[in-house]
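Please read the numbered points with the model open alongside.

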Amino acid sequence: MRIQLLSDLHLETENFAPQVAEDADLLVLAGDIDANHHQIDLFKNWPVPVIYVAGNHEHDHKDFDQTLDALRERCDRLGFTMLECEQTRITHRGRTIRVLGTTLWNDFELFGPEGIERSMRAARYFAEQVQCATRHGKPMGVAELRDEGQHCRDWLREQLTNPAHRAPQDDATLVITHFAPSLRSNDPRYPLNASTASFCNAYDDMIAHSTLWLHGHLHCRHDYRVGAARVVCNARGLASKGEDSDFQPQGVWEI
Ligand SMILES: [Fe+2]
Ligand SMILES: [Fe+2]
């Protein structure tokens, strides 16, 4: 099955007209498509099935849970499959692909237990000054985002590592997240420091349980292997800042 992958289009500020990759069987939207949500409608009537996983920016200045409800409503209306700690199965040419999707917010454990506090401190500006999301009427700070990250992580780890969740007919496992599962996905433009834990998680052990892991969030491109598993990021980022140099708008990746 061939997958077209788009993420980090940032249509709240960027101009981008998506085009169908002619040989794709599925379109994956891996988050940060439009902080205002409206332009997710650009993919209406897409000729192949669309799977959508929310990014962080879809939550900017909004109630966290209401945002997930609104995105799900929009996806339902458009006929897309939205995945947030959920799985679906796709059958293509006699093969069954299990698909696991979650935003996978950061748990800030990238540098081990001793790095948690420093990593959370480095994320405060983003959470409190940029994202400004709320939950149950209260500001959603770094601690609340970490709770969400741990929830995503625990769900995904259980799905990937407990054989009880695998069906006998599953031929491959596709994972879709917004945040990255490995430090190997770090953006080479930036130095490694406490802020890196706001982009990458240290889930390399989980990657090996997947066949293909697609993510976004880092505004750069990646394609690497962990054992037999492949990790791909095809984030567009901000063309206005020259971040889209090797972005493949009609690229397809096979599973
Ligand atoms: Fe982004
Ligand atoms: Fe992001």
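1. Strand E6 and strand E9 (residues 170-177) pair in the parallel sense, with 7 bridges between them. Thr102 stands opposite Thr177 in E9. Helices (H or I, at least four residues) and strands (E, at least two) are DSSP runs, numbered from the N terminus. Two strands pair if DSSP finds at least two bridges between them.

2. Some conventions apply throughout. This is a predicted model, in which local features need pLDDT of at least 70 and side-chain atom pairs count only at pLDDT 80 or more, while totals for chains, interfaces and linings use all residues. Residues are numbered from 1 along each chain as its sequence is written, and chains are lettered from A and ligands numbered from 1 in the order in which they are written.

3. The overall form comes next. The protein chain contains 5 helices and 13 strands. Its C-alpha trace spans about 50 × 40 × 35 Å along the principal axes. A compact globule of 255 residues would have a radius of gyration near 18 Å, and the 17 Å of the protein chain agrees with this. That radius is taken over C-alpha atoms, and the globule rule is 2.2 Å times the number of residues to the power 0.38.

4. Of the 255 residues of the protein chain, 41% count as buried. A residue is buried if 20 or more other C-beta atoms lie within 10 Å of its own, exposed if 12 or fewer, and partly exposed in between, with C-beta atoms placed from the backbone. Among contacts between residues at least 6 apart in sequence, 63% join residues at least 24 apart. Two residues are in contact if their C-beta atoms, placed from the backbone, lie within 7 Å.

5. In what order do the strands of the open sheet of 6 strands lie? The order is E5-E6-E9-E10-E12-E11, and the pairing is mixed. E5 and strand E11 (221-226) stand at the edges with a single partner strand each, so one side of each is left without a neighbour in the sheet. From one strand to the next, the twist averages 20°. Helix H4 (residues 142-161) packs on the sheet and touches E5 and strand E6 (95-102); the direction of H4 makes about 160° with that of E6. Axes are lines fitted to C-alpha atoms, for helices over the stretch in contact, and angles run from 0 to 180 degrees between N-to-C directions.

6. Within this sheet, E5 and E6 run antiparallel and are joined by 7 bridges. The two strands form a hairpin with 2 residues between them, and Arg93 in the turn has a positive phi of about 45°. His92 has Arg95 in E6 as its bridge partner. E6 is mostly covered, since 6 of its 8 residues are buried. Elsewhere, strand E10 (residues 212-215) runs parallel to strand E12 (residues 229-234), with 4 bridges, and Trp213 has Val231 in E12 as its bridge partner.

7. Is Thr88 buried or partly exposed? With 15 C-beta neighbours inside 10 Å, Thr88 counts as partly exposed. Thr88 belongs to strand E5 (residues 86-92). Apart from residues up to four places away in sequence, Thr88 touches Thr81, Leu83 and Val99. The C-alpha atoms of Thr88 and Val99 are separated by 5.2 Å, although the two are 11 residues apart along the chain.

8. A further open sheet has 5 strands in the order E4-E3-E2-E1-E13, with mixed pairing. Strand E4 (81-82) and strand E13 (252-254) are the edge strands, each pairing on one side only. Strand E1 (residues 2-6) runs antiparallel to E13 with 3 bridges, and Ile3 has Trp253 in E13 as its bridge partner. E1 and E2 pair in the parallel sense over 4 bridges, with Ile3 opposite Leu26 in E2. E2 also runs parallel to strand E3 (residues 50-52), joined by 3 bridges; here Leu29 stands opposite Tyr52 in E3.

9. In a regular strand the side chains alternate between the two faces of the sheet. Both faces of strand E2 (residues 26-29) are covered: Leu26 and Val28 on one side, and Leu27 and Leu29 on the other, are all buried.

10. The largest nonpolar core has 59 residues, and those with the most contacts inside it are Val28, Leu29, Ile51, Tyr52 and Ile176. The largest share of this core, 5 residues, comes from H4. A nonpolar core is a set of buried Ala, Val, Leu, Ile, Met, Phe, Trp, Tyr and Cys residues joined through C-beta atoms within 7 Å. Leaving aside neighbours within four places in sequence, Ile51 is in contact with residues including Leu26, Val28, Val99 and Ile176.
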